[in-house]
Amino acid sequence: MSAFKITGGRKLHGDLNVQGAKNSVLPLLAACFLCEGQSILHNCPKLSDVNAALDILECLGCRCKREGTTVTVDSQNCDMFEVPECLMREMRSSIIFMGAVAARTGKALMSLPGGCELGPRPIDIHIEALKKMGAVIECESGKLICEFPEGIKAADIYLRFPSVGATENAMITATVASGTTVIRNAAKEPEIIDLAGFLNKAGACVLGAGTDTVTVIGAHKLYGCEHTVMPDRIVAATCMYAVAAVGGRVRLKNIETEHLLPIISTLTDAGCNLEYDGHQIVIVSHSRPHNFDTVSTQPYPGFPTDAGPLLIAMSSVSKGTGVFIENIFDRRFGYIDELNRMGANIKTVGRVAIISGVRHLDAANVCAADLRGGAALAVALMASHGTATVKNTEYIDRGYDGFEHTFANIGADITRI
Ligand code: EPZ
């Protein structure tokens with residue numbers, strides 16, 4: 001059980017390189033299983049979720065190697081199809097392996113992902129999509145068995161909700177289906193585009209990624225390839241909201257600015273000064289931010305649910321009152337009680353949070369209970385008066401590669417204890 005000790009009030013200055021995207025590297029690693037031979041992924045962040053995905057690949061017979069931020073996956077002669085429950089439990093999003101494993105071996109045996117800190121994590125959209133391609137899926141006593149008794153058939157699939165994971169599972173499976181698959185109402189997140197880029201390098205033919213209709217012309221086989229993971233837009237958002245909350249001037253490098261437009265809009269409204277080109281942003285904040293009016297989370301290109309806790313951390317010390325509406329997950333406000341322990345003035349009703357900004361927060365010892373909420377507590381402590389700790393940093397380590405180093409390198413007083 002580790003914790004961060006943070007002394008607030010230190011302005012942030014300097015340059016930082018944003019890590020590779022957790023929510024891209026996880027589906028990419030699943031896709032590596034489907035590719036015959038060796039795949040090389042550059043810009044892979046060192047995260048516990050990535051380690052869990054590599055453990056799953058090793059369990060399935062792959063040989064994985066990490067050298068710095070380059071990960072190599074050799075899936076030669078892989079014919080295992082069972083993901084053990086302990087590993088499924090370690091990472092909620094491991095359902096992303098279902099399509100790749102069943103597509104390669106004809107069968108996938110895994111446990112249901114169950115719920116997580118954000119609420120139930122249903123997989124009905126994943127199941128419906130794969131059934132359309134000929135999968136027979138049984139769920140009994142927490143186990144999921146997915147088989148393609150007559151091979152993988154191309155299909156015309158409509159997702160009832162643009163689920164990121166279900167879009168990824170369907171795309172990966174469709175790459176080796178016989179014929180052309182169309183996925184309608186597909187998720188448009190940048191991570192979908194990154195996955196399509198990898199799959200096409202591996203010999204697939206994926207068209208329309210990033211739009212609501214993805215077309216996949218089935219190939220016979222995919223082969224290992226080399227790919228660089230896209231930058232993590234939520235880590236970039238975390239750093240920018242921290243600067244807005246604490247003050248200072250920070251240059252973020254190795255980003256895709258167009259992935260951050262909803263974030264940039266809230267920061268400009270807050271009174272920050274942003275200068276940016278396609279791959280870097282300089283954010284300057286010299287005064288207390290203004291609160292936003294209303295923000296509601298939406299699938300991409302709307303405001304991303306994962307950036308919500310970080311926006312709220314900034315909002316808690318802003319001038320004015322903001323109304324935040326969470327439309328994606330049931331339980332995304334677990335960290336707000338902890339923010340209020342620091343003197344924030346936030347009321348929640350269902351999926352709505354009303355944030356009345358206060359002039360400053362008072363450092364108080366708090367506990368992380370999910371990935372982005374934990375990061376928001378750390379940002380709030382950086383903006384507070386005094387010294388305190390954030391416990392359960394294991395949650396933060398799931399998505400941030402060296403959180404404490406990233407912020408210490410730009411002037412924050414943060415150490416891991
Ligand atoms: C991905 O989760 C991300 N995780 C999440 O990031 C992110 O918050 C989410 O997309 C939304 O952008 C990864 O990519 C590994 P969804 P995913 O399927 O794919 C419901 C983080 O902090 N749903 O788009 O699981 C679901 O309950 C994490 O980095 C169904 O009802 O998200 C949720 O309410 C948290 N049935 C909504 O759709 C299904 O079959 C969006 O889920 C699937 C999803």
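Modeller: Two strands count as paired if DSSP finds at least two bridges between them. Helices (H or I, at least four residues) and strands (E, at least two) are DSSP runs, numbered from the N terminus. The model is predicted, so local features need pLDDT of at least 70 and side-chain atom pairs pLDDT 80 or more, whereas totals for chains, interfaces and linings use all residues. Residues are numbered from 1 along each chain as its sequence is written, and side-chain values use heavy atoms, without hydrogens or water.

Colleague: Then what stands opposite G322?

Modeller: I355, in β24, stands opposite G322. Strand β22 (residues 321–325) and strand β24 (residues 352–356) run antiparallel and are joined by 5 bridges.

Colleague: What is the order of that open sheet of 4 strands?

Modeller: The order is β21-β22-β24-β23, and the pairing is mixed. At the edges stand β21 and β23 (345–349); each has a single partner strand, so one side of each is left without a neighbour in the sheet. Neighbouring strands of this sheet are turned by 15° against each other on average, with direction ignored. Axes are lines fitted to C-alpha atoms, for helices over the stretch in contact, and angles between N-to-C directions run from 0 to 180 degrees.

Colleague: And which order do the 3 strands of the other open sheet have?

Modeller: That sheet has the order β7-β11-β10, with antiparallel pairing. Here β7 (107–111) and β10 (136–140) are the edge strands, and because each has a single partner strand, one side of each lacks a neighbour in the sheet. From one strand to the next, the twist averages 10°.

Colleague: How many bridges join β10 to β11?

Modeller: There are 5 bridges between β10 and strand β11 (residues 143–147), and the two strands run antiparallel.

Colleague: Where is S141 found?

Modeller: S141 is in the loop between β10 and β11. Its phi is near 40°, a positive value in a residue other than glycine. Most residues other than glycine have a negative phi, and most peptide bonds are trans.

Colleague: On peptide bonds, which kind joins Y300 and P301?

Modeller: Y300 and P301 are joined by a cis peptide bond, with omega about 10°. P301 lies in the loop between β21 (294–296) and α10 (308–315).

Colleague: Let us change topic. How is the chain divided?

Modeller: The chain is divided into domain 1 (3–19 + 231–416) and domain 2 (22–228), with bounds from an automatic or database domain assignment. The C-alpha centres of the two domains lie 30 Å apart. Contact between them involves 24 residues of domain 1 and 20 residues of domain 2.

Colleague: What volume does the largest pocket have?

Modeller: Its volume is about 1200 Å³. On a 1 Å grid over the protein atoms alone, a pocket is an open set of points where a 1.4 Å probe fits, with protein on both sides within 12 Å along at least five of seven lines; lining residues have an atom within 4 Å of a point. The largest pocket is lined by 47 residues, and R121, V164, G165, I328 and F329 are the closest to its centre.

Colleague: Which element gives the most to that lining?

Modeller: That is α1, with 4 residues. Elements giving two or more residues include α1 (22–34), α5 (124–132) and α6 (164–174). Domain 1 and domain 2 each contribute at least three residues to the lining of the largest pocket.

Colleague: And how much space lies in the second largest pocket?

Modeller: The second largest pocket holds about 310 Å³. Its lining has 18 residues, and K11, A245, V246, R359 and A383 lie nearest its centre. Helix α8 gives the most to this lining, with 3 residues.

Note on methods. Points joined across faces, edges and corners; volume = space filled by probe spheres on them. Contact = heavy atoms within 4.5 Å.
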